[in-house]
Every structure is written in structure tokens, then in C-alpha cells.
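Thanks for coming, everyone. Please take a moment with the structure on the screen, and then I will walk through a few places in it.

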Amino acid sequence: MPSPHRRRPWAQVPRWRAAALAGFVVAGTLFVTSSLNAGGLDLRSSSVTDLDTVVRQERDRTDQLQQRVAELTDEVDALGRSVGDAEVRELQQQVRRLAQPAGFEAVRGPALTVTLSDAPAEVISAATEKGEVKAEELVVHQQDIQAVVNALWIGGAEAMTLQGQRVISTTGIKCVGNTVVLHGVPYAPPYVITAVGGVTEMRRALETSERIADYRDYAVAYELGYATRTDPEVTLPAYDGASELRHATAARGETAPERP
């Protein structure tokens with residue numbers, strides 16, 4: 001018969017006592033760690049202090065930037081005051097006078113439109129199989145577009161667009177593969193050129209251009225696209241890009257290249 005005073009083995013200690021002991025150990029470890037990290041300071045107050053420092057630094061930086069803006073504004077005002085009012089007005093008048101011919105203003109008036117397009121694929125295929133012409137002779141090239149543009153200028157065009165984009169003095173027309181690039185944008189045919197000005201004079205310039213006459217011969221023989229249309233009034237948009245032209249000299253005595 002077992003003795004009533006026999007002690008329970010350690011393994012039989014109630015579970016809640018063991019859990020409590022473990023909790024005390026963990027809590028003590030956290031307190032020690034916090035004390036070491038704080039270096040004897042209150043961690044909560046240290047965080048608040050750091051935030052205040054950041055706010056002050058950003059505020060000081062903002063004040064410095066605002067001061068710099070004020071200084072630059074004063075410099076601009078001083079430079080503006082250093083130019084006489086009469087001179088400023090004259091420069092502004094020059095800008096206004098040049099804006100329209102430079103293409104930076106919309107233009108409205110009677111217009112002549114020329115549309116150029118490649119010959120139909122079946123016509124190109126049949127003509128090349130017979131060996132009559134090369135395929136590249138039956139598609140629109142940049143020199144064809146340039147010939148029309150130049151003739152319209154010679155005919156007194158006041159403003160012009162190609163594919164809806166305003167043509168100005170620095171506009172470049174370049175062939176890239178089977179497309180034409182204008183102001184960095186590639187376009188496929190048909191190519192539509194619209195010019196505002198004296199329609200009769202512009203049409204006469206087209207008809208008397210030797211370069212265009214060559215193109216029109218191909219248009220009759222191989223259905224290369226060439227069509228004209230007049231409108232009593234259209235509005236051409238202003239050029240909305242940047243102008244980098246600083247100096248230019250008119251070239252004279254140059255002739256356009258022949259068709260390939």
C-alpha cells in the first residue's frame with residue numbers, strides 16, 4: 001500500500017505553473033533588451049524626439065528653397081526692369097509679325113489639296129513581271145512629296161500641311177522603308193498635302209513643274225496616284241512643336257533628283 005506522504009514526480013507539476021515560469025523568463029529578456037537599446041533613456045520619448053528633428057530639418061530645407069525662389073524672382077524682375085519698355089514692345093511686335101509666316105499661328109483661306117499614292121499592287125506586279133519598270137518606280141518617294149511641296153510654295157502658298165501636320169521651314173521629309181517620316185512620325189500612303197493661298201497660281205505651279213510632270217506620266221501609265229481638290233475655305237492648324245532654327249541661308253541653283 002503506497003504511503004500517503006509520497007511526493008509527486010516533477011513531470012507531474014501542473015501545466016499552468018510551467019507556462020507562468022516561461023512567461024516570466026520571456027518578459028525579463030524583453031526588459032533587459034529594451035534597457036540596453038535605450039542606453040538608459042525612454043524609448044518612447046526618443047522616437048518623438050527623432051520625429052521632431054526630421055520635421056525641423058524639412059522645414060528648414062523648405063525655408064531655404066523658398067528663399068532661393070524669392071532671390072531668383074528678384075533677379076528676373078531686375079532684368080525685366082533693365083530693358084526699356086519701348087524695346088520690349090518692339091520685340092513683342094516682331095514676334096507677332098513672325099508668328100504667322102513661321103507657322104506658329106493657324107491659317108484660314110481657300111486651299112488646294114494634292115493626294116499622292118502608290119500604284120495598285122496588281123499593276124506593280126504586272127509591270128515588273130514584264131520588265132517595264134522597277135517596283136520602286138511605282139511608289140511615292142520623298143522627292144515626289146517634296147516636288148509638290150516646292151511647287152505649291154512657288155505658286156504662292158501661304159501655309160501648308162502634310163498628313164495634317166503643319167509644314168514649316170525646318171520640316172524634313174524622309175523615306176524610311178515604305179513610309180515617310182515627318183516630324184518624327186512615320187506615315188503610310190496616301191500622302192495628303194493641303195496648301196492655303198491663291199488656288200489658281202498654285203495649280204499653275206503644279207502644272208508647270210517638270211518634276212511633277214515626270215510623276216504624272218507614271219500616274220497615267222501605271223495608275224500611280226495623283227489627285228487634286230480645291231476647297232473654298234479650310235483652316236490649317238498652327239505648328240505646335242519646337243523650333244531650333246537659328247540661322248539659314250537660301251540655296252540657289254539646285255535641282256531636284258530624278259525618279260529612281
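**A residue, a helix and a cavity**

Let me begin with L112, which counts as buried because its relative accessibility is 0%, and the cut-off for buried is under 20%. Please keep in mind throughout that this is a predicted model. L112 sits in strand β1, which covers residues 107-117, and, if we leave aside its neighbours within four places in sequence, its contacts include L152, I193, V199, M202 and L206, as well as T228, R229 and T230. M160 is 48 residues away from L112 along the chain, and the C-alpha atoms of the two are separated by 9.6 Å.

Next, helix α4, residues 121-129: which of its residues are buried? They are V123, I124 and A127, and, seen down the axis of α4, these buried residues fall within an arc of 100°, so they line one face of the helix. As a general point, an α-helix has 3.6 residues a turn, so residues three or four places apart point the same way. On the other side of α4 we find A121, E122 and E129 exposed, while the cover over the buried residues includes α7, residues 210-222. After α4 comes G131, with a positive phi near 75°.

α5 gives the most, with 3 residues, and by class the lining has 6 nonpolar, no polar and 1 charged residues.

Conventions:
Residues are numbered from 1 along each chain as its sequence is written. This is a predicted model: local features need pLDDT of at least 70, side-chain atom pairs count only at pLDDT 80 or more; totals for chains, interfaces and linings use all residues. Side-chain values use heavy atoms; hydrogens and water are left out. Helices (H or I, at least four residues) and strands (E, at least two) are DSSP runs, numbered from the N terminus. Buried means under 20% relative accessible area, exposed over 50%, partly exposed in between (1.4 Å probe, protein chains only). Contact means heavy atoms within 4.5 Å. The arc is that of the directions from the helix axis to the C-beta atoms. Ala, Val, Leu, Ile, Met, Phe, Trp, Tyr, Cys and Pro count as nonpolar, Asp, Glu, Lys and Arg as charged, and the others, Gly among them, as polar.
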